[in-house]
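User: Could you take a close look at the pocket in this model for me, and at the aromatic side chains too? I'd enjoy one connected walk-through.

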Amino acid sequence: MSKNNSLVVLTEGAIIVAAAQALSFVPHDLGVSSIQVEYGLIPMAIYALRRGAKPGLMAGFVWGILDLILKGFSSGGFLNPLQGLVEYPLAFAAVGLVGLGSVQVKSQIKSGKNALGLIIMYSALGFLVKYFLHFLAGGIYWGAYAPKSMNPWIYSLVINGGSFIANMIMLLVLLVVLSRVFKRFIIVKE
């Protein structure tokens, strides 16, 4: 990768992180629970598919640090350093795993085939790992906040599993709505 191309990838990553963070300020709680639709996952997934896993992981990691600083500390989302590390930089970086499908998705698109199945599969992988990390932190650190009659692990599974499902539904809707232009977001013009 040339130095100029590295700068383009880094600049794109910075723009995506800023967009993802800005989208995190849009209200996104569903109902009275803590199930959340995280709008920033979509630009992060597109970036990871466009540039690959390594840039995707790095952008997600930076997004996690930024979210911790701008929201985690002020909203009570930070309990201790280990929980903060797991739920912010590591969980947000996991979205970059979507980039593991970058080569396959680009190949499908360039050959004129439908890549939606691959996009869904690799997005599900990245989103699942993110919410699995939140699930672990929920069971370990947030258990005291579960309803008294409910097992903290079950509560964490319901909240984080619900968030995973809500975000996958959001992705599916956007993929259908944007299916005609989606390939323009993923394929890099040389």
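Analyst: Happy to! Helices here are DSSP runs of at least four residues, numbered from the N terminus. With that in hand, F132 and F135 both sit in helix α6, three residues apart, about one turn of the helix. Please keep in mind that this is a predicted model. The ring centres of F132 and F135 are 6.0 Å apart with their planes at 35°, so this pair is tilted. Planes under 30 degrees apart would have counted as stacked. F135 is buried, at 17% relative accessible area, whereas F132 is partly exposed, with 45% relative accessibility. In total the structure holds six aromatic pairs, and W63, Y88 and F92 form one aromatic cluster.

Helix α6 (116-140) returns here: α3 (53-75), α4 (81-93), α6 and α7 (152-177) each supply at least two lining residues. Of these, α7 gives the most, with five residues. Sorted by class, the lining has 15 polar, seven nonpolar and six charged residues.

One more side chain deserves a look. R51 lies in helix α2, which spans residues 41-51. At 16% relative accessibility, R51 counts as buried, because the cut-off for buried is under 20%. The side chains of R51 and E12 are joined by a polar contact of 2.8 Å. Beyond four places away in sequence, R51 touches N5, V8, V9, E12, S102 and V188.

How values were computed: Residues numbered from 1 in each chain as written. Predicted model: local features only at pLDDT ≥ 70, side-chain atom pairs only at ≥ 80, totals over all residues. Heavy atoms only, no water. Buried < 20%, exposed > 50% of the residue type's maximum accessible area, 1.4 Å probe, protein only. Polar contact = N/O pair within 3.5 Å; in protein donor to acceptor, adjacent residues only side chain to side chain. Contact = heavy atoms within 4.5 Å. Nonpolar A, V, L, I, M, F, W, Y, C, P; charged D, E, K, R; others polar. Phe/Tyr/Trp six-rings, centres within 6.5 Å; stacked < 30°, edge-to-face > 60°.
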